[in-house]
Amino acid sequence: MRPVFLIVLALISQASLADSPPLERQQALLELLHQDCGSCHGMTLQGGLGPALLPSALEGKSALMLTATILQGRPGTAMPPWSSLLTQQEAEWLVTQLKQPAPPQDANRH
Ligand code: HEC
C-alpha cells in the first residue's frame, strides 16, 4: 500500500473517533438504550417484544442497516423511528456500542 493511502486511512479513522458524541451525551444515550429501547428489547437487551440486540445477535448484520433501522424504524413492525430524538451520529454510535463484545457500561445498573 502506498503511503498516501495510509495517511488517508489515518485521517478517516481519526475523523470517526472525533465523531463520537460528547461524554455526557453518551451517558444519556446508554440510559435511553436500557430504558426506552429496553422496554421492547429487554433491559439487558436479550430480547422481548423486539429481538435481542446483543453482539452475538447482531454479528454479521451491517452497521448501516442497523443504523437505518434505529433512525427510521421498521414500518409494519413495533420498531418505531427515533430520528426525532437521535442524530445519525448518535444512532451510529449506539450501533457501535451494541456490536461491541463487552456489554455497554451501565448494563448492570438497573
Ligand atoms: C415499541 C417497541 C420497540 C422499541 C421501543 C424499540 N424497538 Fe427496536 N425493534 C422492535 C421490533 C419489534 C424489532 C424487529 C422488527 C422486525 O421484525 O424486523 C426491532 C428491531 C430493531 C433493530 C434491528 C435488529 C436486527 O437484528 O435487525 C435494532 C438495531 C433496534 N430495533 C434498535 C432499537 C433501539 C436502539 C431502540 C431505542 C432507541 C429500539 N430499538 C426501540 C421494537 C422496538
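These legends go with several close-up views of one predicted model. Local features need pLDDT of at least 70 and side-chain atom pairs count only at pLDDT 80 or more, while totals for chains, interfaces and linings use all residues. Residues are numbered from 1 along each chain as its sequence is written, and side-chain values use heavy atoms, with hydrogens and water left out.

**View 1. The chain is built from 5 helices and 0 strands.** Helices here are DSSP runs of H or I, at least four residues, and strands are runs of E, at least two, numbered from the N terminus. Buried residues (under 20% relative accessible area, 1.4 Å probe, protein chains only) make up 30% of the 110 residues.

**View 2. H41 and M79 hold the iron atom of the ligand.** H41 gives NE2 and M79 gives SD, at 2.0 to 2.2 Å from the iron; donors are N, O and S atoms within 2.8 Å of the metal. H41 sits in helix 2 and M79 in the loop between helix 4 and helix 5, so the pair ties together parts 38 residues apart in sequence. H41 is buried, at 9% relative accessible area.

**View 3. The largest nonpolar core has 18 residues.** Such a core is a set of buried Ala, Val, Leu, Ile, Met, Phe, Trp, Tyr and Cys residues joined through side-chain atoms within 4.5 Å. L33, I70, L86, L94 and L98 touch the most other members. Helix 2 (23-41), helix 4 (63-72) and helix 5 (88-99) each give two or more residues to this core.

**View 4. Here's the neighbourhood of L86.** Leaving out residues up to four places away in sequence, L86 touches R25, L29, L32, I70, L71 and L94, where contact means heavy atoms within 4.5 Å.

Notes:
Buried < 20%, exposed > 50% of the residue type's maximum accessible area, 1.4 Å probe, protein only. Donors = N, O, S within 2.8 Å, 3.2 Å for Na, K, Ca; no water.
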